[in-house]
Amino acid sequence: MLSSSTDRAARLLFGVATGGVVLLALVVAAAGSVGIIGGIEPAFTTAHWLAVLSTPTLWLSLAYSALIAMASLLPSVLLALLIVLAAGERLRRAPLGALLYLPLAFPGVVAALVAVQVLGGAGWLSRIAHTAGVLAAPEEFPALVQDRIGVGIVITHMLMVTPFFVLLIDRLSTLERLDALAALGRSLGATSAQVLWTIRLPILLRGLTPVCTVYGAALLASFEVPLLIGAQHPAMIAVEIDRHLHPLDLSTQGQGYAMACVHVMLLTGIWWRMSRPAARR
Amino acid sequence: MIRATASRRAAVIAWGLAVLIVLPYAVLAFGAFAQQWRYPALLPAGWSMRAWTALAGGGALLDAAGRSAVIALAVSLLSVTAALITSQALAIARHRERMQALALLPFFVSPVVIGMSLQQLLLRSGLDHGALGVLLAQSFIAYAYAVLLMNALWSPTLLAMGDAAAGLGASKLAIWREVWLPAGAGVIAMALFQTFSLSWFDYALARVIGGGRVVTLPIRVFEALSAGDLRVASAGSLLLVLPPAVAFLLARRLVAASPLLKVSQ
């Protein structure tokens with residue numbers, strides 16, 4: 001058994017490597033936002049905060065990121081739920097049982113490339129539409145990549161996230177023995193709708209909520225996909241921060257730090273809200 | 001009748017989903033092996049290895065893939081070893097659940113921001129922001145992930161087995177070697193694979209910390225895509241996704257116990 005001093009050292013390492021990293025991010029961002037680090041000549045200033053808080057860029061970017069995250073996550077979960085309910089145990093049979101794991105091996109960079117090749121002006125959908133006689137030229141195809149509404153980002157996120165939720169919901173159904181509970185409900189006279197609304201959905205939602213929070217936060221902070229197939233303006237928050245942190249003109253770097261500071265505080269707040277009930281349980 | 005309709009509907013959904021999953025791989029393969037694929041042709045006019053030779057030209061492909069593999073291997077070993085030891089200490093901690101929740105925190109913050117702060121730390125501590133910096137930065141994230149995975153390992157039974165072995169006079173090393181490591185082999189293998197994948201796929205941290213000097217495979221794919229060279233980007237993407245995809249198919253248990261599933265429990 002490990003000694004208590006070794007235990008304490010291990011817990012300290014854990015705290016530093018997890019909470020410490022996020023704290024470091026907050027400290028560096030705060031220091032950069034008041035001009036202590038970064039920029040051309042480091043010196044204390046509140047100009048970066050004033051610039052960030054007085055222009056709509058940060059708030060627009062945060063709102064846009066939240067909307068994209070919600071627009072990606074909610075339909076993905078709903079779609080996954082419908083797939084699991086409709087396909088049932090077929091999901092575990094070959095070939096789908098194995099194939100469902102493949103999207104887990106799809107990083108953002110590659111997903112963005114596929115989006116360009118399928119959703120882009122000269123992509124597959126456009127080619128199919130042309131072949132069907134709907135389009136005369138690629139320019140007539142609606143902008144689904146690098147569009148201001150973020151349709152391309154949402155579709156790409158959905159394609160990446162939905163299979164994960166299918167696996168998760170299927171796994172939760174097995175772990176919670178939902179089929180047995182549903183059979184019991186039916187034997188006691190419950191209708192199919194009652195089984196769905198009073199047995200399946202409440203149990204699944206209880207299990208899904210924390211995962212959705214983590215995934216929502218990850219989607220809100222996503223980088224590669226919006227960087228590659230997102231519009232220049234508005235940009236998702238991670239892209240906006242990156243743009244300000246690595247500018248041609250170093251004078252706006254402090255604004256990037258201020259945005260990073262707000263981002264860390266906001267997302268840490270969400271984490272805090274999520275982890276409090278978990279800790280109580 | 002109703003049952004037959006439901007069964008047909010389930011089959012249609014299952015096959016539709018299978019096609020949707022395979023489609024991106026087909027798109028990548030068409031892009032990577034197409035000789036000419038002019039608009040509005042639905043399929044390439046011919047096939048060619050040009051993208052592969054371009055990608056491999058001057059050893060650039062081997063360099064990027066090799067660098068990615070070495071970094072990922074080191075990240076995987078470092079993070080899983082650290083997670084294995086610390087997760088045992090967490091498992092017997094008084095505030096176990098609160099500490100486990102802390103392991104989720106790094107996933108709430110954008111890797112761009114994490115990378116930015118670690119880059120400052122590395123610069124100020126004199127460590128050059130090269131491959132070592134990328135390795136360290138990825139290890140922090142991989143470590144948190146590995147700790148989440150390791151939570152599945154430390155059941156009360158396994159901890160009690162360790163206590164019993166200690167009561168019989170076994171040393172700490174003997175408990176690890178004879179009890180905990182054999183019992184946790186499956187979870188450890190899963191953690192090694194998943195942390196390897198996490199590093200292998202990483203773009204954001206490698207970009208921010210590496211500053212363009214550490215060219216990993218995702219960075220090379222990104223460069224090709226940004227330059228509009230879809231063929232080279234597709235070839236690089238296939239190289240990036242196929243090895244983990246094959247591993248996922250061959251050993252599904254490596255991904256079956258998602259840490260996020262544990263979160264929901």
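**Exercise 1. Describe how helix α3 (residues 60–91) of chain B and helix α11 (residues 217–226) of chain B are arranged relative to each other.**

Solution. The model is a predicted one. Two quantities are needed, since a pair of packed helices is described by the angle between the axes and the distance between them.

Step 1. The axes of α3 and α11 of chain B come within 7 Å of each other and cross at roughly 135°.

Step 2. This angle therefore makes α3(B) oblique to α11(B), because angles over 145 degrees would be needed for roughly antiparallel and 65 to 115 for roughly perpendicular.

Step 3. On the side of α3(B), the contact is made by B:A60, B:L61, B:A64, B:A65 and B:S68. On the side of α11(B), B:L217, B:P218 and B:R220 take part.

Step 4. Sorted by class, the contact of α3(B) with α11(B) comprises 6 nonpolar, 1 polar and 1 charged residues.

**Exercise 2. Characterise the interface of chain B and chain A, including its salt bridge.**

Solution. Step 1. Begin with the extent: 96 residues of chain B are in contact with 92 residues of chain A. Between them, the two chains bury about 8300 Å², and 78% of this area is on carbon and sulfur atoms.

Step 1. Next, consider the charged pairs. The rule finds 1 salt bridge across the interface of chain B and chain A.

Step 2. Polar contacts are then counted: 13 residue pairs, both at pLDDT 80 or more, are found in polar contact across the interface.

Step 3. Helix α1 (residues 2–33) of chain B gives the most to the side of chain B that touches chain A, contributing 18 residues. The residues of that side divide into 73 nonpolar, 14 polar and 9 charged.

**Exercise 3. Which peptide bond is cis, with omega near 0°, and which is cis, with omega near 5°? Where do A:Q146 and A:R177 lie?**

Solution. Step 1. The bond from A:H233 to A:P234 is cis, with omega near 0°. A:P234 lies in the loop between α10 (224–229) and α11 (237–245) of chain A.

Step 1. In chain B, the bond from B:Y39 to B:P40 is cis, with omega near 5°. B:P40 is found in the loop between β1 (34–36) and β2 (46–47) of chain B.

Step 2. A:Q146 is a residue other than glycine, with a positive phi near 55°. A:Q146 is found in the loop between α6 (124–131) and α7 of chain A.

Step 3. A:R177 is likewise not a glycine, and its phi is positive, at about 50°. A:R177 lies in the loop between α7 and α8 (178–187) of chain A.

Note on methods
Residues numbered from 1 in each chain as written. Chains lettered and ligands numbered in written order. Predicted model: local features only at pLDDT ≥ 70, side-chain atom pairs only at ≥ 80, totals over all residues. Heavy atoms only, no water. Axes fitted to C-alpha atoms, helices over the stretch in contact; angles between N-to-C directions. Helix = DSSP H or I, 4+ residues; strand = E, 2+ residues; numbered from the N terminus. Parallel < 35°, antiparallel > 145°, perpendicular 65-115°, else oblique. Contact = heavy atoms within 4.5 Å. Nonpolar A, V, L, I, M, F, W, Y, C, P; charged D, E, K, R; others polar. Buried area = accessible area lost by both parts, 1.4 Å probe. Salt bridge = Lys/Arg side-chain N within 4 Å of Asp/Glu carboxyl O. Polar contact = N/O pair within 3.5 Å; in protein donor to acceptor, adjacent residues only side chain to side chain.
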